[in-house]
Amino acid sequence: MKSKKLTIGKVITSFEKKLFTINDNSSEFENNCLKREEGLINAINICMKKLEEFASVPGLDFLTKRQQIKSKICFENLSKYVDELIAELDKEKIISYCQQLENNKKKEFKIFNSPFDIDVIFLLTNSFHTAITTNILWAPDVTMAQAIGISNGQLDLNDLGKHLPVVLKRINKQIIPYLKKSNLFSGFYPSITEAIDCYNKKLYRGCSLITITSIEGIVRRLANFLAIHHELPSDFIDEKYSSLNRLLREVDWKKDIKIDSDFLSLILGESKTKKERQQQYSNGDIINIDLNTRLDFLKGRFKDDRDLILHGNQQNYNQDWNLYLNFSALYETYKVCTYYEKKYSG
């Protein structure tokens with residue numbers, strides 16, 4: 001459900017409200033009510049700053065169609081969340097809320113107890129810098145501090161390069177041995193070992209180029225393997241599926257991948273606020289998705305970079321950031337391949 005009711009006047013009015021005042025004789029309950037009010041106003045202010053980014057950041061005129069669609073979705077999501085918070089900025093609701101907490105036998109008072117604590121994951125995944133310019137929260141090593149820095153447009157993306165040793169260790173210990181012995185994917189063993197050789201020799205452009213083309217080949221090989229199990233055409237050589245994006249998006253894949261709902265929100269972004277998520281499922285629930293959804297990260301920043309590189313429009317792809325993005329995409333693709341090979345082989 002998207003917010004269609006949020007107006008500037010409504011936001012300004014929420015900031016001008018003063019529902020509670022305290023003095024030296026105020027009770028603890030009255031103090032808690034004021035803290036709740038101030039917390040809600042602070043959350044609204046944070047959301048408004050995120051909304052402003054979509055109108056003020058440089059480069060808006062050069063967004064791809066995918067980025068334009070994603071921007072609109074994020075803007076609507078944030079607007080919806082502001083509406084939700086403003087609805088709670090009501091004197092009777094705040095009093096009722098604080099009374100419920102006071103009556104809690106554990107006596108644990110939390111100003112932003114669920115579902116109206118600041119929804120960090122929701123804000124991070126709907127930030128312009130996170131959703132549009134980087135799209136990297138799905139990578140397993142991004143720290144919360146880095147995620148917040150990305151969200152605020154304050155992180156030097158090459159800071160992610162500090163995780164390269166860990167990613168390379170995974171590739172050497174898990175991916176390369178797997179490719180070498182896999183009946184399905186052994187053809188990609190020479191390419192990935194060559195990519196690592198390029199990295200070791202500091203030939204970073206060659207490393208990235210081999211890695212991104214290998215990932216596409218691996219996904220196409222996986223698609224052909226899944227065809228019989230998903231009752232689909234025997235191969236995907238048809239020109240209709242000439243792009244990886246179409247191969248993933250336009251095929252009727254079965255929803256046969258189990259995934260943690262929290263991790264899914266990092267792949268896709270989060271369109272539901274915490275209140276809505278709690279009404280639908282609990283955080284950490286296991287849900288079923290299809291191949292297109294699981295590999296959605298290959299249609300974000302990874303795809304944008306790939307297209308620019310292969311068309312010769314980007315030469316500066318030898319940075320730590322590029323290597324981290326591509327190696328992480330390889331690792332996540334590997335996880336999907338091993339999942340399916342285990343599920344349908346033998």
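Q: Which residues line the largest cavity?
A: Start with the general idea. Now the case here, in a predicted model. The lining of the largest cavity consists of Ile 175, Tyr 178, Leu 179, Phe 185, Ile 218, Leu 330, Thr 333, Tyr 334 and Cys 337.

Q: Which elements give two or more residues to that lining of the largest cavity?
A: H8 and helix H16 (320-344) do. H16 provides the largest share, 4 residues.

Q: How do the lining residues of the largest cavity divide by class?
A: There are 8 nonpolar residues and 1 polar, with no charged residue.

Q: How many cavities of 30 Å³ or more does a search of the whole structure find?
A: The search finds 1. The largest cavity holds about 40 Å³ of space.

Q: Is the crossing of H8 and H9 left-handed or right-handed?
A: The crossing is left-handed.

Q: Which residues make the contact of H8 with H9?
A: H8 contributes Leu 164, Leu 168, Ile 171, Asn 172, Ile 176, Leu 179 and Lys 180. H9 contributes Tyr 189, Ile 192, Thr 193, Ile 196 and Tyr 199. By class, the contact has 9 nonpolar residues, 2 polar and 1 charged. Note Leu 179: this residue is in the contact with H9, and Leu 179 also lines the largest cavity.

Q: Now the pocket. How much space lies in the largest pocket?
A: About 820 Å³. The lining of this pocket counts 38 residues.

Q: Which residues of the lining lie nearest the centre of the largest pocket?
A: Arg 66, Lys 70, Ile 267, Leu 268 and Asp 296.

Q: Which helix gives the most to the lining of the largest pocket?
A: H12 does, with 6 residues. The helices that each supply at least two residues are H3 (65-88), H6 (128-134), H11 (244-249), H12 (261-268) and H15 (301-310).

Q: How does the lining of the largest pocket divide by class?
A: The pocket lining has 13 nonpolar, 14 polar and 11 charged residues. For the lining of the largest cavity, the division is 8 nonpolar, 1 polar and no charged.

Technical notes:
Residues are numbered from 1 along each chain as its sequence is written. This is a predicted model: local features need pLDDT of at least 70, side-chain atom pairs count only at pLDDT 80 or more; totals for chains, interfaces and linings use all residues. Side-chain values use heavy atoms; hydrogens and water are left out. A crossing is left-handed if the near helix is turned anticlockwise from the far one by less than a right angle, and right-handed if clockwise. Contact means heavy atoms within 4.5 Å. Ala, Val, Leu, Ile, Met, Phe, Trp, Tyr, Cys and Pro count as nonpolar, Asp, Glu, Lys and Arg as charged, and the others, Gly among them, as polar. On a 1 Å grid over the protein atoms alone, a cavity is a set of points where a 1.4 Å probe fits but cannot get out, and a pocket is an open set with protein on both sides within 12 Å along at least five of seven lines; lining residues have an atom within 4 Å of a point. Grid points are joined across faces, edges and corners, and a volume is the space filled by probe spheres set on the points.
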